[in-house]
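Student: I would like to learn how to read a model like this one. Please take me through it feature by feature.

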Amino acid sequence: MSEASPVPAPSPAPRPQGAYVTAVAEPLRAGDVLLTSAGMTPREDGRLVVTGLAGRDLDVAQARGAAALAARNAVAALSAGHAGRVRRWLRMTVYVACADGFTDLSAVADGASEVLDGLGLGRPARSAIGVRALPGGAPVEVELTAIAAPNVEDE
């Protein structure tokens with residue numbers, strides 16, 4: 001039997017390239033609820049209000065605003081029935097429909113992160129992913145995962 005190789009010392013975590021943290025560790029408590037939203041696009045009253053590709057039809061500021069609206073919709077989806085119970089954002093994925101060569105994905109996703117920052121529950125780990133197209137021609141889609149405290153009535 002050969003001797004195991006020593007495990008190399010861990011490297012420092014990479015620095016975030018935007019408004020997020022590189023990892024989240026959240027202790028689970030009895031009764032905690034894991035909340036996950038579907039992908040949310042920039043809609044108002046069920047109507048898609050922003051369309052197009054970042055870097056072609058929308059500049060970074062416009063796409064960032066669309067990401068903020070999509071994030072507000074994701075927060076609303078998680079809060080339905082759980083209002084006031086979310087205690088920590090865990091993960092956010094921001095898909096950005098973009099033109100070839102567009103690389104400012106983190107800057108666009110920062111619009112979504114700023115919405116969560118304003119709610120004071122810590123920053124989530126985040127991915128910003130460039131894609132060819134999103135439903136209905138939306139420029140962004142946001143998925144959000146959080147931990148919620150249990151309802152007092154449920155205990």
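This is a predicted model: local features need pLDDT of at least 70, side-chain atom pairs count only at pLDDT 80 or more; totals for chains, interfaces and linings use all residues.

Student: Which residue forms a salt bridge with Arg 123?

Tutor: The general idea comes before the case. Side chains of opposite charge can pair when their charged atoms come close. A salt bridge here is a side-chain nitrogen of Lys or Arg within 4 Å of a carboxyl oxygen of Asp or Glu. Arg 123 pairs with Asp 117, and their closest N and O atoms are 2.8 Å apart. Asp 117 is partly exposed, because its relative accessible area is 31%.

Student: How many salt bridges does a search of the whole structure find?

Tutor: Six. One of them joins Arg 126 to Asp 110, with 2.8 Å between the closest N and O atoms. This pair links distant parts of the chain: Arg 126 sits in strand 5 (residues 125-131), Asp 110 in helix 2, 16 residues apart. Helices (H or I, at least four residues) and strands (E, at least two) are DSSP runs, numbered from the N terminus.

Student: Are Arg 126 and Asp 110 buried or exposed?

Tutor: Both Arg 126 and Asp 110 are buried. Now take the salt bridge between Arg 56 and Asp 57, where the closest N and O atoms are 2.8 Å apart. Arg 56 counts as exposed because its relative accessibility is 59%. Asp 57 is partly exposed, at 39% relative accessible area.

Student: How many helices and strands does the chain have?

Tutor: Two helices and six strands. Read from the N terminus, the order is β-β-β-α-β-α-β-β. The C-alpha atoms fill a box of roughly 60 × 50 × 30 Å along the principal axes.

Student: How do I read the nonpolar core?

Tutor: In soluble globular proteins, nonpolar side chains tend to be buried together. A nonpolar core is a set of buried Ala, Val, Leu, Ile, Met, Phe, Trp, Tyr and Cys residues joined through side-chain atoms within 4.5 Å. The largest one in this model has 31 residues, and Trp 89, Val 96, Val 142 and Leu 144 have the most contacts inside it. Helix 1 (60-79), strand 4, helix 2 and strand 6 (140-148) each supply at least two residues of this core. The largest share, nine residues, comes from helix 1. Apart from this core lies another, of five residues, among them Leu 48, Ala 97, Leu 134 and Ala 138.

Student: What does Val 142 touch?

Tutor: Contact means heavy atoms within 4.5 Å. Not counting residues up to four places away in sequence, Val 142 touches residues including Met 40, Ala 67, Met 92 and Ala 112. Thr 145 lies in strand 6. Thr 145 counts as buried because its relative accessibility is 17%. With the neighbours up to four places away set aside, Thr 145 touches Leu 34, Leu 35, Thr 36, Trp 89, Leu 90 and Arg 91.

Student: Where does Leu 119 lie?

Tutor: In the loop between helix 2 and strand 5. Leu 119 is partly exposed, because its relative accessible area is 42%. Beyond four places in sequence, Leu 119 is in contact with Val 75 and Trp 89.

Student: How do I read a backbone angle, and what is the phi of Asp 45?

Tutor: Most residues other than glycine have a negative phi, and most peptide bonds are trans. Asp 45 has a positive phi of about 50°, although it is not a glycine. Asp 45 lies in the loop between strand 2 (43-44) and strand 3 (47-48). Asp 45 is exposed, because its relative accessible area is 85%.

Technical notes
Residues are numbered from 1 along each chain as its sequence is written. Side-chain values use heavy atoms; hydrogens and water are left out. Buried means under 20% relative accessible area, exposed over 50%, partly exposed in between (1.4 Å probe, protein chains only).
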